[in-house]
Amino acid sequence: MKATGIVRRIDDLGRVVIPKEIRRTMRIREGEPLEIFVDREGEVILKKYSPIGELGEFAQEYVDVLAESTGHIACVLDRDVAIAVAGAPKKEYLEKPISPVAERVMKERKAVVINDPKTHPFCEGCGDDDRDCKFSSAVLAPIIAEGDPLGVVILTSTKPGVNMGDLETKLVTTAAGFLARQMEQ
């Protein structure tokens, strides 16, 4: 655990203010749920709560089947990181921060097909190091449960000349809808 040197007092209602700098770097937004842990040494640990993370094993099985049946890379993301990956090396994607494209898909709450990342408007500003996108095409669908975007399902390819179409869009939107229903149960 890393010390920040910041000290806060608990107010009379039991609240503690998390400093703006920490909220910004940890991408904690107003109203976002935090999970509270207590360890044996008496430390209180706040962790961003990921409802999709609760479905980690289930999401992994789903993307395994999706990748196997399509031959593409399949991922499930929560609001911050990839939680399930199949069809590609897990260490390359798992627990990595989500892209601006995935954030935009959640914000706009609609599925998006990207068959030319260099010209697609959703991809503007991606890749802060000016590298070309490693994907040739992708389809992304938001996971929306009880009106809140909780994550994204992605089906993507790195192979040149591969285009995503209606079938891939239906597969991804079905997966997103199914995971959303699991969250609502």
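What covers the buried residues of H2? In this predicted model, the cover includes strand S3 (73-77), strand S4 (82-86), helix H3 (90-93), strand S7 (148-157) and H5.

- H2 has 15 residues and reaches 21 Å from its first C-alpha to its last, which is close to the 21 Å expected at 1.5 Å a residue.
- The buried residues of H2 are Ala59, Gln60, Val63, Leu66 and Ala67; seen down the axis of H2, these buried residues fall within an arc of 130 degrees, so they line one face of the helix.
- Glu57, Glu61, Val65, Glu68 and Ser69 are exposed, and they lie on the other side of H2.
- After H2 comes Gly71, a residue with a positive phi, near 80 degrees.

**Aromatic pairs**

- With ring centres required to lie within 6.5 Å, the count comes to three aromatic pairs.
- One of these is the pair of Tyr62 and Phe178, which is tilted, with 5.9 Å centre to centre and 35 degrees between the planes.
- Because Tyr62 lies in helix H2 (residues 56-70) and Phe178 in helix H5 (residues 166-184), the pair ties together parts that are 116 residues apart in sequence.
- Tyr62 is partly exposed, with a relative accessible area of 23%, and Phe178 is likewise partly exposed, with a relative accessible area of 34%.
- Phe58, Tyr62 and Phe178 are linked into a cluster by ring pairs.

Note on methods
Residues are numbered from 1 along each chain as its sequence is written. This is a predicted model: local features need pLDDT of at least 70, side-chain atom pairs count only at pLDDT 80 or more; totals for chains, interfaces and linings use all residues. Side-chain values use heavy atoms; hydrogens and water are left out. Rings of Phe, Tyr and Trp (its six-membered ring) pair if their centres lie within 6.5 Å; planes under 30 degrees apart count as stacked, over 60 as edge-to-face and the rest as tilted. Helices (H or I, at least four residues) and strands (E, at least two) are DSSP runs, numbered from the N terminus. Buried means under 20% relative accessible area, exposed over 50%, partly exposed in between (1.4 Å probe, protein chains only). The expected span of a helix is 1.5 Å times one less than its number of residues. The arc is that of the directions from the helix axis to the C-beta atoms. Contact means heavy atoms within 4.5 Å.
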